[in-house]
Amino acid sequence: METGTSVSNNSGSIRNDSYEAIKNGSWFNQFRNGCNPWMARYVYGLIFLIANLLAWAARDYGRGALRKVTKFKNCKGGENCLGTDGVLRVSLGCFLFYFVMFLSTLGTSKTHSSRDRWHSGWWFAKLIMWPALTIIPFLLPSSIIHLYGEIAHFGAGVFLLIQLISVISFIQWLNECYQSQKDAERCRVYVMLLATTSYTVCIVGVILMYIWYAPDSSCLLNIFFITWTLFLIQLMTSIALHPKVNAGYLTPALMGLYVVFICWCAIRSEPVGESCNRKAAASNRTDWLTIISFVVALLAMVIATFSTGIDSQCFQFKKDENDQEEEEEDGVPYGYGFFHFVFATGAMYFAMLLIGWNTHHPMKKWTIDVGWTSTWVRVVNEWLAVCVYIWMLVAPLILKSRRQTTSGT
């Protein structure tokens, strides 16, 4: 028994040593050696970026080719229908690829297992599976594609919710890191500096939005959006600084930056013809600034999907120290199933951005997430972010009072 145990321990240590060698090696060696989850996540991110570019190309420059395909000849709505169908079909192929990976890697907890090797390797098989799953949607009838388009609205909403929780968890984690430092007095200066800078940026952003997107009193909707955002920042700060909550200045300040950014994105998503959106009217023609803005928005979406996918810890309950030590020795570095699930919902999300969350909405070339539906999705996302953050602040107090009431009875 002792001999068998020592042999298994030696083989496990050899596998861990080889794993560390691959992890610390060059990018070429990491990819060549296959089973490496650290390199695999970048490859999946690259595949997702290529899918985004294919969907954009199908919308803006693939209508001539799509018109020649038999299944697209009966497309009602002309050019706009062809572009929307192309985006949805590429999105469906991307979704199928990551959903298959999600089902096949869900529950993977140990390195060197068969599902770990499937996630981190077998690239030649995946290079065949991914194009095949991308081509299959182009052979399906339009009714199935339209059904997928309706389902994609829900999937994109799930992606936004996951991203929202991830951002709030990161903000709270950052605040806890500052509060848990031994030299808390010295860190307090940096916390106040960061919070003051964040509040300053929030105020400047609100003022600029009033100047750019509410030039006169007739722009009531934009005035409401901006003013309500300012009120939400004040509400979050007041609750966070309440003596019973005592969450400090940092988290509401960073959340203020987040909601101001979402409000800015919401107003920028308003249609170009709106008189209150001077910035959109100024970018009515396709110039280098429009192209650069589109590329930055596309890359930001891919980076947001990637960073959210590897942040599965914000959806896990706290574990015992023994379980954490065991995971550090032989556990996977991030949740594979969650990672692929985020990318699957991200495939639906980029489809909604490229078609403006509306299958009947015409989209101009080199634009992304434009239209009244996009605007209201952003606004609701902002309000939901504030609700989730406030709930995270007051939930411990509510649960504590309920426990005390239960124990008292």
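**View 1. Contact between helices α10 and α11 in the predicted model.** Asn222, Phe225, Ile226, Thr229, Ile233, Met236, Thr237 and Ala240 of α10 meet Pro252, Met255, Gly256, Val259, Val260, Cys263 and Ile267 of α11, where contact means heavy atoms within 4.5 Å. This contact comprises 11 nonpolar, 4 polar and no charged residues; Ala, Val, Leu, Ile, Met, Phe, Trp, Tyr, Cys and Pro count as nonpolar, Asp, Glu, Lys and Arg as charged, and the others, Gly among them, as polar. The model is predicted, with local features requiring pLDDT of at least 70 and side-chain atom pairs pLDDT 80 or more, whereas totals for chains, interfaces and linings use all residues. Residues are numbered from 1 along each chain as its sequence is written, and side-chain values use heavy atoms, with hydrogens and water left out.

**View 2. Packing geometry of α10 and α11.** Helix α10 (residues 220–240) packs against helix α11 (residues 250–268) at an angle of about 165°, with the axes 10 Å apart. Axes are lines fitted to C-alpha atoms over the stretch in contact, and angles run from 0 to 180 degrees between N-to-C directions. The two helices α10 and α11 are therefore roughly antiparallel (angles over 145 degrees; under 35 counts as roughly parallel). The crossing of α10 past α11 is right-handed, the near helix being turned clockwise from the far one by less than a right angle.

**View 3. Packing of α3 with α15.** The angle between α3 and α15 is about 15°, and their axes lie 11 Å apart. That makes the pair α3 and α15 roughly parallel. α3 passes α15 in a right-handed crossing. Among the contributors from α3 are Tyr44, Phe48 and Trp56, and α15 supplies residues including Phe339, Phe343 and Phe350. By class, this contact of α3 with α15 has 12 nonpolar, 4 polar and 2 charged residues.

**View 4. The largest nonpolar core.** A nonpolar core is a set of buried Ala, Val, Leu, Ile, Met, Phe, Trp, Tyr and Cys residues joined through side-chain atoms within 4.5 Å, buried meaning under 20% relative accessible area with a 1.4 Å probe, protein chains only. Of the 54 residues in the largest core, Tyr44, Phe48, Phe97, Tyr98, Tyr349, Phe350 and Met352 touch the most other members. Its largest share, 15 residues, comes from α15.

**View 5. Surroundings of Phe97.** Apart from neighbours within four places in sequence, Phe97 is in contact with Tyr44, Ile47, Lys126, Met129, Trp130 and Leu133. A second, separate core of 37 residues includes Leu174, Ile226, Val245 and Val386.

Key
Buried < 20%, exposed > 50% of the residue type's maximum accessible area, 1.4 Å probe, protein only. Helix = DSSP H or I, 4+ residues; strand = E, 2+ residues; numbered from the N terminus. Parallel < 35°, antiparallel > 145°, perpendicular 65-115°, else oblique.
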